[in-house]
Amino acid sequence: LDPELRPTGRNVAWELYTGQATDDYSHLGWLSAIHPDDRESVRSAAARAIATAAPLTAEFRVRRADGEYRRTFIRAVPILEGATIVEWIGTATDVEDVRRNADEQRDLRRRLLALTDGAESVLSLSGEAAARAGVLALTERVLPGDACAIWTFYPEAGDWRVVESRGLSPEYVTAR
């Protein structure tokens, strides 16, 4: 990249990843592959890095050739002659899967802690109605979803019935 963070040659990896041709990403055309909501922060970070001759580090969403936006981490280091930037050398790395896995791990940890904390409180409840309400409250904290229910099997009728629910329509609860 030149001193103003414009590509100075062909970048085959960028072309394959984004589907942009050399003419598409030359000058500052590469910004068009950045998610519209992220472009201004990328421009600001780039301007600060150019003004201070400091390394540029940023994470933002880039549109892949298939149209999907994925989180990408970039790091560009200025090459200086004295105090003047003569070019930038850097990398762009797709970190979507790593970030998604980290988010999923945090969510799983949160839900497991809620389960262990909640199980103790549910076990201390007395009475069937209180226990059902406690189980539903715990279920809502631990499992993603819009509704939950407790079903009981009635052998004499040979069917399952909802005995307690949250978020289900009355028609669904009473349907057989």
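I'll start with Trp88, which, leaving aside neighbours within four places in sequence, is in contact (heavy atoms within 4.5 Å) with Leu1, Asp2, Pro3, Leu5, Ala49, Ile50, Ala54, Pro55, Leu56, Ala76, Val77 and Pro78.

Some ground rules. This is a predicted model, where local features need pLDDT of at least 70, side-chain atom pairs count only at pLDDT 80 or more, and totals for chains, interfaces and linings use all residues. Residues are numbered from 1 along each chain as its sequence is written, and side-chain values use heavy atoms, with hydrogens and water left out.

Next, the core. A nonpolar core here is a set of buried Ala, Val, Leu, Ile, Met, Phe, Trp, Tyr and Cys residues joined through side-chain atoms within 4.5 Å; buried means under 20% relative accessible area, with a 1.4 Å probe and protein chains only. The largest one has 19 residues, and Trp30, Ile34, Leu56, Phe60 and Trp88 touch the most other members. Two or more residues come from each of α3 (39-52), β1 (56-63), β2 (69-81) and β3 (84-94). Helices are DSSP runs of H or I, at least four residues, and strands are runs of E, at least two, numbered from the N terminus.

In strand β1 we find Ala58, which is buried at 14% relative accessibility. Beyond four places in sequence, Ala58 contacts Thr72, Phe73 and Ile74.

Last, Thr18, in helix α1 (residues 12-18). Is Thr18 buried or exposed? Buried, with a relative accessible area of 5%. Not counting residues up to four places away, Thr18 touches Ala33, Val62, Arg63, Arg64 and Ala65.

Technical notes:
Buried < 20%, exposed > 50% of the residue type's maximum accessible area, 1.4 Å probe, protein only.
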